[in-house]
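Me: I have a new structure open and would like to go through it. Can we start with how the chains meet?

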Amino acid sequence: MKLINVRRLLLLACSFFTLVLAGGCATGTTKNATSVVDYLFPNTKDPVVTPGIPVLKLPLHVGIAFVPAESSYRGRSRQSTGIFPRYMDGGPALTEERKMGLMKAVADRFREYPFVKDIEIIPSVYLTPGGSFANLDQIRTMYGVDVIALLSYDQVQFTDEGIASLTYWTIVGAYVIPGEKNDTQTMLDAVVYDIPSRKMLFRAPGLSRIKGSATLVNQSQQLRIDSGKGFDEAAKHLIVNLNEQLTQFKEKVKERPQEYKVVNSPGYSGGTGGGAIDPVSLLLLAGLGGGFLWLRKRS
Amino acid sequence: MAAQALLSKARLPVRTLAICAAALLVHFVPWLGQLLIYDRSAIAHGELWRLLTGNLVHLSDAHLAMDMAAFLIAGTMIEQRGYHHFMKLCISAAALIGMAIYLFEPVLQFYGGLSGVVTAAVVYLCLQGMTEQGSWRWLCAAMLAALSAKLWFELVSGKSLLLVVGGGNFVPVPLSHLTGAVVAVILFALLHLSPNFMPRNAARKSAA
């Protein structure tokens, strides 16, 4: 009788540790992403678009938009393994408010350059998933922009359980012990295209990595916070890179005139002003000088 | 004989020639021009000397020729007539023109040209000339009236009478002329309304 009880106890103990170990190995990932390639080249059967030589009419009219997620993909995927269920809705896709904030920051960066006349922030609803260059042509007609900065993002959130997750078996531990380890990796990408020539002018990425921890019950909220932080930091990095790329692009245009044609609109000076004496003033001054010499000679 | 008499009265306009020489040097030494031109981004990053030195940089040969010709005429007359504080006028006008452009022309990335300082010199010359007697006084008054009309036209229309100097691919900046004129009027007013403002002026007044 005693032997049976000992065996039962051992079996119970083994089951318990198996469950704990299985729980400790639990992982989950959430991926939110949009892709410029999916948007511009949605159908691989189509012939490859051959870019022409861009003719940049200065000052430029620039548009900024977030590429939409492809409808079948919906910009999100989830994967979860392990004994504890993973509620991976914690990391939402980029909200419209955050998108507008980011586009405004990028627009402000472009506005610093005298060769940019105006910036149009284009709402996401005007871009159709997989719309390709036909959709960009429509936007060009609607907004009068020649160059567009297409923004996309890719955020992956990994969740693992640390050793502290053993305390979840006490129920209370699930509420108070941060046994969930989160890792949020974000990439924002700005690709600038000349619409008429289909030529990519330059791109600038922004990267970030946020590491954190959460209790089991607080996991969703913490993932949302990490997601927001990830986008904010990636945006800052993107702005810095964008500044560098814009400066490099200016130099590239000067160095490679065969690849980029630049046409100045009438009255555009390229942001250069000169203090110049006009011929009428010079003639008047010469007259005054003549009078000065004549008076001097007479005296 | 008359020419000899004229030469004997003439004194070398040292300050005017020095400024012209500096402008020539800056124009023909490209790296110097790049170092001194008014560059808004560079100024924002602390290169404040460009506010002052941008006036010495010219954007084309024609631009340099016109500005230097005008400055030579105005500067020579100021120095020949013995009007004091010419260098102070040039430096204060150049600095304030740079500041005015930085504050009120945010679109301009680059600026170069001596015309604002030339305008300051001409206005100062005319105001000083109007304090004298005889025909010179009326000549200066006529010049000042013509210059005021030109400035007014530039400000109201937003255009310039610039017809010949077109090779530099730049837009004229009437603000530089207006700032130069204002600086000259202020300096003149300070010298005449407050005789103790500058010691040399006070000494000259007391000697008179």
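Reply: In this predicted model, 48 residues of chain B are in contact (heavy atoms within 4.5 Å) with 31 residues of chain A. Local features need pLDDT of at least 70, side-chain atom pairs count only at pLDDT 80 or more, and totals for chains, interfaces and linings use all residues. Residues are numbered from 1 along each chain as written, chains are lettered from A in the order written, and side-chain values use heavy atoms, without hydrogens or water.

Me: How much area do chain B and chain A bury between them?

Reply: About 3200 Å², with 70% of it on carbon and sulfur atoms. Buried area is the accessible area (1.4 Å probe) that two parts lose on being put together, summed over both.

Me: Which side chains meet in a salt bridge?

Reply: Lys150(B) and Asp278(A), at 3.0 Å from N to O. The count between the two chains is 1; the term needs a side-chain nitrogen of Lys or Arg within 4 Å of a carboxyl oxygen of Asp or Glu.

Me: Which helix of chain B gives the most to the side that touches chain A?

Reply: Helix 6, with 10 residues. Helices here are DSSP runs of H or I with at least four residues, and strands are E runs of at least two, numbered from the N terminus.
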